[in-house]
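Notebook open, viewer open. I wanted to look up charge pairs first, then strands.

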Amino acid sequence: MESNDYQNGLNETKESSPNLMLNRDEKKTADVDSDSEHQKQEPILPVWPVRYAGFWMRFWAYLLDLIVIGSIERILIKPLFRILDISLTEFNMFAPISIASALIFYLYFVLMTKYFNQTLGKMVFGLKVVDLNHDKLTWGTCLFREWIGRFISATVIVGYIIVAFLPKKQGLHDIFSDTTVIHIER
């Protein structure tokens with residue numbers, strides 16, 4: 001019985017004073033509308049059509065990134081390993097050189113994507129990683145996209161090839177992390 005009385009009171013409140021029941025966003029809008037004479041209007045920015053980056057653009061950017069990563073390894077890792085007398089000729093998955101190379105590879109992609117939304121290869125070709133929900137890329141998204149997703153896409157080669165066929169030009173790692181790569185206007 002009490003909840004029914006509460007509901008009746010709520011309905012009466014809505015009818016008698018509609019502004020009391022507005023949520024915060026509606027209230028802000030109502031306040032702005034009433035004070036629109038005193039408010040300065042911000043210019044509305046035009047929305048440009050999004051151009052998704054296709055397979056070949058992403059491929060060339062990735063090749064450039066591999067050249068950058070190889071250069072970092074040759075400049076930093078190999079001289080350091082020679083100074084510390086660590087073998088550079090072992091080629092198994094758990095060799096120190098393999099671990100260092102993998103660490104450089106994944107750190108490069110994760111850090112560049114997190115801080116710049118693009119790697120050096122993407123910068124050169126005018127590409128950028130964006131979240132499909134229009135959010136800022138989080139650490140979780142970057143780690144999942146660049147580490148786990150890239151590992152899966154590399155293991156299943158189709159993970160990269162599907163970029164050519166999907167409407168938003170997403171690779172498997174993009175689909176998993178709700179991201180895509182777009183062209184940016186310069």
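**Charge pairs**

I started with E146 and R150, whose side chains form a salt bridge with N and O 2.7 Å apart. A reminder for myself: the model is predicted. Both residues sit in helix α6, and because they are four residues apart, about one helical turn separates them. E146 comes out buried, at 0% relative accessible area. R150 is buried too, with 4% relative accessibility.

How many salt bridges does a search of the whole structure find? It gives four.

**D174 and its partners**

I went to D174 next. Its salt bridge with R58 has the closest N and O atoms at 2.6 Å. Are D174 and R58 buried or exposed? Both are buried.

D174 also pairs with R145, as a salt bridge at 2.8 Å, N to O. Here again distant parts of the chain are linked: R145 belongs to helix α6 (residues 139–155) and D174 to helix α8, 29 residues apart. I wanted the burial numbers for this pair as well. R145 has a relative accessible area of 1%, so it counts as buried, the cut-off being under 20%. D174 has 0% relative accessibility, so it falls under that cut-off too.

**Strands**

Then I moved to strand β2, residues 179–183. Why call β2 largely enclosed by the rest of the structure? Because five of its five residues are buried.

I looked at which way the side chains go. T179, V181 and H183 point one way from β2, while T180 and I182 point the other way, and all of them are buried. The general rule I had in mind is that side chains in a regular strand alternate between the two faces of the sheet.

Strand β1 (residues 127–131) runs antiparallel to β2, and five bridges join the two. Which residue of β2 is the bridge partner of V129? I found V181 there, which is also one of the buried residues of β2.

Terms used:
Residues numbered from 1 in each chain as written. Predicted model: local features only at pLDDT ≥ 70, side-chain atom pairs only at ≥ 80, totals over all residues. Heavy atoms only, no water. Buried < 20%, exposed > 50% of the residue type's maximum accessible area, 1.4 Å probe, protein only. Pairing = 2+ DSSP bridges.
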